[in-house]
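Here is a short report on one protein structure. Look at the sequence and the model first.

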Amino acid sequence: MRKRGYGIIIVVVCFQFGWFLSGYSGARTLLVRAITSDGRADAATIVKIGKREAVLQEVANYENFVKDRLPPITARIQRAPVALRGGKLAALQYTFIAEPG
């Protein structure tokens with residue numbers, strides 16, 4: 001949980017995309033939704049969690065080879081990856097382009 005301007009955020013894992021490791025990076029891919037303390041829910045989003053180096057390489061590859069070549073209605077990286085200082089894992093957020101379920 002983390003605190004935002006309008007209350008505590010609870011992140012709910014809605015779906016894990018199989019029990020497989022996604023793509024070439026070996027990251028886990030989750031569909032998540034943040035819910036505020038007053039019950040409001042953000043839009044569903046994709047979160048990938050993997051080795052820090054692989055996540056950073058994915059961002060670099062996206063910026064260099066993918067970002068400017070995608071049609072408007074495709075998944076996009078939402079913000080810079082996050083990681084704990086000195087941690088071995090990092091997380092990356094993509095838009096979710098579909099209806100959950």
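The report covers a helix, a pair of strands and a core.

This is a predicted model: local features need pLDDT of at least 70, side-chain atom pairs count only at pLDDT 80 or more, and totals for chains, interfaces and linings use all residues. Residues are numbered from 1 along each chain as its sequence is written, and side-chain values use heavy atoms, leaving out hydrogens and water.

Helices (H or I, at least four residues) and strands (E, at least two) are DSSP runs, numbered from the N terminus.

| Element | Residues |
|---|---|
| Strand E4 | 45-51 |
| Helix H1 | 52-66 |
| Strand E5 | 89-95 |

E4 and E5 pair in the antiparallel sense, over seven bridges; pairing takes at least two DSSP bridges. Ile49 stands opposite Ala91 in E5.

In E5, Ala90, Leu92 and Tyr94 point to one face and are buried. Buried means under 20% relative accessible area, exposed over 50%, partly exposed in between (1.4 Å probe, protein chains only).

In H1, the buried residues are Val55, Glu58, Val59 and Tyr62. They fall within an arc of 95 degrees seen down the axis, so they line one face of the helix. The arc is taken from the directions from the helix axis to the C-beta atoms. The buried residues of H1 pack against E4 and E5. Glu53 and Phe65 are exposed on the other side of H1.

The largest nonpolar core has 10 residues, including Leu31, Val59 and Ile77. Such a core joins buried Ala, Val, Leu, Ile, Met, Phe, Trp, Tyr and Cys residues through side-chain atoms within 4.5 Å.

Key:
Contact = heavy atoms within 4.5 Å.
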